[in-house]
Amino acid sequence: MISFKHVSKSYTGTEKAVNDVNFEVEKGEIVIFLGPSGCGKTTLLRMVNRLETISEGSVLINGEDIGNLNEIELRRNIGYVIQSNGLFPNMDIEENVTIVPDLLGWDKKKKHNRYKELMQLIGLDPMEYRKRFPNELSGGQQQRIGVIRALAADPPVMLMDEPFGALDPLIREKIQDEFLQIQREVKKTILFVSHDIDEAIKMADKIVLMRDGEIMQYGTPSDILIHPKNEYVSQFIGRDRAIKHLSLRTIAQLQEEIGLVEIDQSIVDSKQVNIHENLKDTLAMLLNQEADQVIVHDDNDEVQGAITIDRVQRYLHLEMRQKPSQTVEKEKVME
Amino acid sequence: MNRKKLIANIVRILLYAFVIGFFIYAGVNGYFSPIFEQTDTFWVLVGQHLNLVMLSSILAVVIALPLAVLFTRPRFRKYEWIASNVANLAQTVPSLAVLALAIGILGVGFKPAVFALFIYSVLPIFRNAVAGFNSINPDLIDAGKGMGMKASQIFWRVEVPNAAYAIIGGLRTAIVLNVGTAALAYYIGGGGLGVWIMTGIELFDNAYLISGAIPVTLLAIGLDYLLRGAGYVISPKSASQTADSATST
């Protein structure tokens with residue numbers, strides 16, 4: 001869908017903000033550009049809608065070099081969300097949401113219908129907010145409006161530059177969930193800039209981990225957590241990468257691999273959990289001493305068995321050992 | 001907080017009382033008599049006064065606004081200080097000196113008066129417009145660009161509406177200043193209500209003085225209110241709020 005081919009960007013002669021970047025993004029995937037500030041991730045993102053020029057190489061969308069396309073047309077077909085939401089304070093919410101359809105010359109009725117559709121998508125009452133202005137909304141609401149504004153003309157590709165970075169953690173989590181829900185429906189190809197490893201693990205289908213304008217590793221979150229390619233990657237994702245990895249696995253997956261344990265009837269105080277709960281949260285539950293065992297239910301509320309700390313640990317060992325990689329072995333040798 | 005409010009209210013009531021008292025005093029002593037006795041002359045003078053103010057302000061807008069737009073474009077932004085300093089310099093020359101200089105070029109009468117007032121209006125209009133455009137969050141322009149707005153669309157649909165309140169603020173300042181300064185036009189035969197004010201001063205005639213000065217004041221206050229109203233109508237509530245906070249800092 002989107003290919004980066006030997007893409008470089010240099011501002012002053014020798015220094016390169018982006019250096020020979022090569023990768024492909026599949027249709028309908030969320031790819032997160034991850035790295036510290038100044039690593040070139042935002043520059044790389046802004047090259048896709050040509051807000052930044054490309055010094056060398058090319059970016060292709062559906063096989064077509066974006067350098068050959070009309071800049072304005074290109075941008076109108078790519079959704080764009082920025083951290084500070086970029087809502088226009090002089091326009092009311094409806095005008096803000098329908099700005100790209102307006103630029104594309106949709107008629108009034110079509111725009112209004114689209115507005116209603118989009119507001120329902122994020123659970124805000126279209127009529128209540130219609131004539132209100134951005135500064136009358138909370139930060140979280142503004143950011144959600146920013147997201148649906150980018151979706152308004154139904155572009156196949158979305159660029160998101162730290163869209164949730166300015167929100168407080170609770171709201172951010174909520175909007176991330178909501179956004180994933182929306183993505184399941186709309187299935188856009190999304191390029192997403194973040195500096196937050198947890199956000200990347202949660203949201204990404206694939207992660208592009210960058211440093212000094214170069215790609216350190218490109219792969220699925222699980223791949224990066226289990227097989228960090230080099231020292232920098234393992235440092236960036238942190239020592240708790242094994243625990244982080246648990247957030248990508250559910251109890252159901254553990255059950256499939258090693259099975260659950262029998263419920264220990266002698267323990268009176270046990271919590272209940274759904275089988276699709278991720279293992280990180282399950283482990284957290286166990287460690288918080290809320291319970292020595294957690295009883296697992298499936299979607300039909302039938303008891304499947306119980307899970308304990310030992311069980312999670314065994315699964316984790318298995319996961320990490322089953323797919324050995326060079327770095328993992330090296331660490332073991334060092335131990 | 002309440003104490004402050006109380007003091008503010010007392011001051012306000014005292015001020016109103018003083019103004020009303022003054023009007024009664026002036027009325028009883030027949031200080032407004034020239035207005036009633038020479039009504040025709042009065043309206044001619046008011047007309048001249050307004051002409052001076054309007055013409056000079058329109059000229060100033062026509063010159064200052066395009067300049068402000070030009071010097072806030074990315075390419076010319078770095079030269080903005082030159083334009084600001086030139087406008088500043090024009091402002092520092094005393095009004096009478098400008099009038100005197102204007103005579104040298106344009107002779108006496110209406111024209112040099114308009115010219116002098118024009119010189120005075122350029123700075124506030126230019127300054128406020130520049131501040132208005134500069135106060136626009138660069139993220140808005142980035143968002144506009146990223147969504148595929150053309151440069152002209154960004155200008156008219158994002159920049160102008162969001163700078164409108166500040167621009168009108170500059171216009172207000174310029175016009176109110178002009179209404180007062182236009183009284184000096186009398187010295188170079190420019191007409192206006194200054195004729196009565198200066199006559200009153202020279203003859204120690206309070207009736208002429210007050211009949212000229214009070215309408216000038218009312219004119220300034222009236223025009224200010226009118227433009228403030230226009231500011232609220234033209235720029236939506238939210239935009240004027242952000243503009244207010246941007247220009248006040």
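This is a predicted model: local features need pLDDT of at least 70, side-chain atom pairs count only at pLDDT 80 or more; totals for chains, interfaces and linings use all residues.
**Domains of the two chains**

Begin by selecting chain A and colouring residues 2-239 as domain 1 and residues 246-318 as domain 2. The C-alpha centres of these two domains of chain A are 35 Å apart. Proceed to chain B, where domain 1 covers residues 1-30 and domain 2 covers residues 37-248. For chain B, the C-alpha centres of domain 1 and domain 2 are separated by 30 Å.

**The interface between the chains**

Next, display the contact between chain A and chain B, to which chain B contributes 20 residues and chain A contributes 18 residues. On the chain B side, select α7 (138-146), α8 and α11 (237-248), each of which provides at least two of the residues touching chain A. Which helix gives the largest share of this side of chain B? That helix is α7(B), with six residues. Colouring the chain B side by residue class shows eight nonpolar, seven polar and five charged residues.

**Helices α8 and α10 of chain B**

Remain in chain B and select helix α8 (residues 151-181) together with helix α10 (residues 206-234). Their axes are 9 Å apart and meet at an angle of about 170 degrees. Angles over 145 degrees count as roughly antiparallel, and α8(B) and α10(B) are therefore roughly antiparallel to each other. To view the contact itself, show side chains on α8(B), including B:Ala164, B:Tyr165, B:Ile168, B:Leu171, B:Arg172 and B:Ile175.

**A:Ser58 and its surroundings**

Finally, return to chain A and centre the view on A:Ser58, which belongs to strand β4 (residues 56-61) of chain A. Is A:Ser58 buried, exposed or partly exposed? A residue is buried if 20 or more other C-beta atoms lie within 10 Å of its own and exposed if 12 or fewer do. A:Ser58 has 16 C-beta neighbours inside 10 Å and so counts as partly exposed. Leaving aside residues up to four places away in sequence, select A:Lys5, A:Asp65 and A:Gly67, which A:Ser58 touches.

Key
Residues are numbered from 1 along each chain as its sequence is written. Chains are lettered from A and ligands numbered from 1 in the order in which they are written. Domain bounds come from an automatic or database domain assignment. Axes are lines fitted to C-alpha atoms, for helices over the stretch in contact, and angles run from 0 to 180 degrees between N-to-C directions. Helices (H or I, at least four residues) and strands (E, at least two) are DSSP runs, numbered from the N terminus. Angles under 35 degrees count as roughly parallel, over 145 as roughly antiparallel, 65 to 115 as roughly perpendicular and the rest as oblique. Two residues are in contact if their C-beta atoms, placed from the backbone, lie within 7 Å. Ala, Val, Leu, Ile, Met, Phe, Trp, Tyr, Cys and Pro count as nonpolar, Asp, Glu, Lys and Arg as charged, and the others, Gly among them, as polar.
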